[in-house]
Amino acid sequence: MPFKRTVSAVVVVLVLGAIAFLSIRIYQDASARHATTERIQTLPPITLTALDGTPVSTNHLATTEPVVLVYFGTTCRFCQAEAHSLAAHDALQDTARIFMISAESRAALEQFAAEYELDPASGIQVLRDRDGTFAETFGISRVPNTFIYGANRRLLRHFQGEASAEAIRHILTERSSSPTHTSSQDGCVAQQFPSSNGDCSIQ
Amino acid sequence: MSLNSSLGEQLTAERIRDVLNLRAHYAWIGYALTPLVLAVKIGYTALCLAIGALLAGYDDLTFKRTFKAALVAEGVFVAASAIRVGWGLWVLDVQTIEDFSTFAPISAVAFFNAEALPRWALYPLQTLNALEFIYCLALGAALSWLWKRSFKHFDDLSVLALGSYGTGVILWIVTVAFFLLQVS
């Protein structure tokens, strides 16, 4: 029995060590998550690349009209469904500028844009997040993620998982008809749904 | 209806139907895995108890006995689940999935605004509840009866259950919280 007792004691020490280690990691990750949430309440300055190579800075966005930023993957079927929904919703395209952002290759994004009829003329522009800055700044680990910013550059809503164009338009319409929704306490309501509702891990 | 209320704000009716069909298609996997999940859970409890018993000097409290005790005491969670479902059906006004999933009146969640909590924190806070304490008492009673056919050792074995199983629960909670943080 002394051997078993020794092994049990070692197991208990390892377990307590694991609890301490995981607790520290949880605290660090939760703090980082909180910092990200605070950071994106106002549209952060990031430079992305259009498909023709032109740099597009977020500094000039959401100053006169709302902006919708959708981070996506070309092979994610929920992203494809959202792209289809956005491309078909003329009213939303008239209400806000829509940017679909991905870290994938230019060729893959060009093919995706052609397939879903996404072009700046229709109000939807596809941008490349070449160095992953957007994903890192916004703390993105899955796709799609949709960020809705008002014309004051403040975050109105963040959807994790697929969001329909009508839902996005409803947010913009609701907020624009309630101008009092601009207090310092107001900001993002991160709407989180179970993953089976529609998102994929970043590939 | 509650699923439509939860998802309707974000998805169209057609997509909600697709989501429901997808869930229905794979629902059998959940049912098939239930006995396995239960066996793992009871085995984990039994292992915690067996290790605690060894360290406390209860050398003849074998894994087999602790497994039986954990199996018997599991009835506490079965009864609690039945009460919770009944409460949700006949007492609570459940409009969305979140109304029911965040309903945990005797847990640490009750001290917070559940809607404002980050998703990764919900399960860990729900797991920290009074039911776990009752479960430890049930384990103590089951161990005492299965070991000595009396409840004379109920106090000591309940403390053993609290210490060993309690440590196991804390390890489980921090592990789940860690993984939820990574994937959410």
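How many residues of chain B are in contact with chain A, and how many residues of chain A do they meet? The points below begin with that matter.

1. Extent of the interface. The model under review is predicted. In it, 29 residues of chain B are in contact with 38 residues of chain A. Glu9(B), Gln10(B) and Arg119(B) supply 23% of the area that chain B buries against chain A, which is more than any other three residues contribute. Together the two chains bury about 3,100 Å², and carbon and sulfur atoms account for 58% of this area.

2. Confidence. For the complex, the predictor reports an ipTM of 0.78 together with a pTM of 0.76. The mean pLDDT of chain B is 87, and 96% of its residues score at least 70. Within chain B, helix α1 (residues 2-7) has the lowest confidence, with a mean of 65, whereas helix α3 (residues 63-73) has the highest, at 94.

3. Salt bridges across the interface. Over all chains the structure holds 6 salt bridges, and 2 salt bridges are found across the interface of chain B and chain A. Arg15(B) and Glu162(A) form a salt bridge in which the closest N and O atoms are 2.7 Å apart.

4. Arg15(B) is classed as buried because its relative accessible area, 18%, is under the 20% limit. Asp18(B), at 34%, is partly exposed. Through shared partners, the salt bridges join Glu162(A), Arg15(B) and Asp18(B) into one network.

5. Salt bridges within helices of chain A. In helix α1 (residues 2-39) of chain A, Asp29(A) and Arg25(A) lie 4 residues apart, about one turn of the helix. Their side chains meet in a salt bridge with an N to O distance of 3.7 Å; Arg25(A) is partly exposed, at 27% relative accessibility. Helix α4 (residues 106-115) of chain A holds Arg106(A) and Glu110(A), also 4 residues apart and about one turn of the helix from each other. The side chains of Arg106(A) and Glu110(A) form a salt bridge at 3.1 Å, N to O. Arg106(A) is partly exposed at 40% relative accessibility, and Glu110(A) is likewise partly exposed, at 35%.

6. Gln125(A) is located in strand β5 (residues 124-128) of chain A. Its relative accessible area is 16%, so Gln125(A) counts as buried. Leaving aside residues up to four places away in sequence, Gln125(A) touches Ala50(A), Val56(A), Arg97(A), Ile98(A), Phe99(A), Met100(A) and Pro120(A).

7. A nonpolar patch on chain B. Which residues make the nonpolar surface patch of about 950 Å²? The patch consists of Leu22(B), Tyr26(B), Trp28(B), Ile29(B), Tyr31(B), Leu33(B), Leu36(B), Val37(B) and Val40(B). One of them, Tyr31(B), is found in helix α2 of chain B. With a relative accessible area of 65%, Tyr31(B) is classed as exposed, because that value is over 50%.

Conventions: Residues are numbered from 1 along each chain as its sequence is written. Chains are lettered from A and ligands numbered from 1 in the order in which they are written. This is a predicted model: local features need pLDDT of at least 70, side-chain atom pairs count only at pLDDT 80 or more; totals for chains, interfaces and linings use all residues. Side-chain values use heavy atoms; hydrogens and water are left out. pLDDT is the predictor's confidence in each residue, from 0 to 100. Helices (H or I, at least four residues) and strands (E, at least two) are DSSP runs, numbered from the N terminus. A salt bridge is a side-chain nitrogen of Lys or Arg within 4 Å of a carboxyl oxygen of Asp or Glu. Buried means under 20% relative accessible area, exposed over 50%, partly exposed in between (1.4 Å probe, protein chains only). Contact means heavy atoms within 4.5 Å. Patches are made of residues with over 30% relative accessible area and no salt bridge: like charges are joined within 9 Å, nonpolar side chains (Val, Leu, Ile, Met, Phe, Trp, Tyr) within 5 Å. Accessible areas come from the Shrake-Rupley method with a 1.4 Å probe; for residues, only the protein chains shown count as cover. Buried area is the accessible area (1.4 Å probe) that two parts lose on being put together, summed over both.
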